[in-house]
Amino acid sequence: METTELHRGRLIDHIQLVVRDLPASQAFYAAVFDALKVPMGGTGDDYFWADELFVSTADSPAAQGELTGRHHLAFQAQDRAMVDTFHKAALASGGTDNGTPGERPYHPGYYAAFVLDPDGNNIEAVFHGEAQRSAGSVKITF
């Protein structure tokens, strides 16, 4: 893949995962978000969310009674140490190892770790190597 410029925040508005055990998923993702320095956005009886990720029970009106299938989600990390912290936190909070932290052959500098969440989703934290970001995030207010 020959990419010299990456854009974030313009393709995905939000992703919803519908899970079997909301408390187990919330404990897992709270630890993952803490490791990635992403604050929890909000919680309710049948959901929680952070940034673009919304997680709910099948009983949630938005879920229409169905669990989502197995997905792969890759979260951005600020550096290699954050990838390592993500992996440790995820394993300590109900995740299953699916790829220890290390360089991957996708492009030079691609450093990632993979864990399966309590529902079997493949969750990744990735650091793409040293690069200059135009902004820390896209901020939208309304």
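Predicted model: local features only at pLDDT ≥ 70, side-chain atom pairs only at ≥ 80, totals over all residues.

User: Which residue in S7 is the bridge partner of Gly 102?

Analyst: Ala 112 is the partner of Gly 102 there.

User: And what packs on that part of the sheet, and which strands get touched?

Analyst: Helix H2, residues 80-92, packs on the sheet and touches S6, S7 and S8. The direction of H2 makes about 10 degrees with that of S7.

User: OK, zoom out. What's the strand order in that sheet?

Analyst: The order is S5-S8-S7-S6, an open sheet of four strands with mixed pairing. Strand S5 (72-76) and strand S6 (96-103) are the edge strands, each pairing on one side only. On average, neighbouring strands are turned by 15 degrees against each other, ignoring direction.

User: Tell me about S8. Is that strand buried or exposed?

Analyst: Buried. Six of the six residues of S8 are buried, so the strand is largely enclosed by the rest of the structure.

User: Which residues point which way?

Analyst: Asn 122, Glu 124 and Val 126 point one way, while Ile 123, Ala 125 and Phe 127 point the other way. Both groups are buried, and that includes Glu 124.

User: How does S8 pair with S5?

Analyst: S5 and S8 pair in the parallel sense, over five bridges. Gln 76 is the residue standing opposite Val 126 of S8.

User: And with S7, how many bridges?

Analyst: Six, in the antiparallel sense. As an example, Val 115 stands opposite Ile 123 in S8. The hairpin of S7 and S8 has five residues between the strands, and Gly 120 in that hairpin takes a positive phi near 85 degrees.

User: Switching topic: what's the strand order in the sheet with S1 in it?

Analyst: That open sheet of four strands goes S1-S4-S3-S2, and the pairing is mixed. Strand S1 (15-19) and strand S2 (42-44) are at the edges, and each pairs on one side only. The twist averages 15 degrees from one strand to the next.

User: How do S1 and S4 run?

Analyst: They run parallel: five bridges join S1 to strand S4, residues 53-57. Within that pairing, Val 19 has Thr 57 in S4 as its bridge partner.

User: Where does H1 lie in all this?

Analyst: H1 lies across S1, S2, strand S3 (47-50) and S4, running at about 15 degrees to S3. Helix H1, residues 22-35, also lies across S5, S7 and strand S8 (122-127), at about 30 degrees to S5.

User: I've got my eye on Phe 54. Which strand is that in?

Analyst: Strand S4.

User: What is Phe 54 in contact with?

Analyst: Setting aside neighbours within four places in sequence, Phe 54 is in contact with Ile 15, Gln 16, Leu 17, Tyr 47, Phe 48 and Trp 49. Take Ile 15: Phe 54 and Ile 15 are 39 residues apart in sequence, with 6.0 Å from C-alpha to C-alpha.

User: Last one, the surface. Which residues make the nonpolar patch?

Analyst: Val 138, Ile 140 and Phe 142 make a nonpolar surface patch of about 460 Å². Val 138 lies in the segment after S8.

User: Is Val 138 buried or exposed?

Analyst: Val 138 is exposed, because its relative accessible area is 54% and the cut-off for exposed is over 50%.

Conventions. Residues numbered from 1 in each chain as written. Heavy atoms only, no water. Pairing = 2+ DSSP bridges. Helix = DSSP H or I, 4+ residues; strand = E, 2+ residues; numbered from the N terminus. Axes fitted to C-alpha atoms, helices over the stretch in contact; angles between N-to-C directions. Contact = heavy atoms within 4.5 Å. Patch = residues over 30% accessible without salt bridge, like charges linked within 9 Å, V, L, I, M, F, W, Y side chains within 5 Å. Areas by Shrake-Rupley, 256 points an atom, 1.4 Å probe, with all protein chains shown as cover. Salt bridge = Lys/Arg side-chain N within 4 Å of Asp/Glu carboxyl O. Buried < 20%, exposed > 50% of the residue type's maximum accessible area, 1.4 Å probe, protein only.
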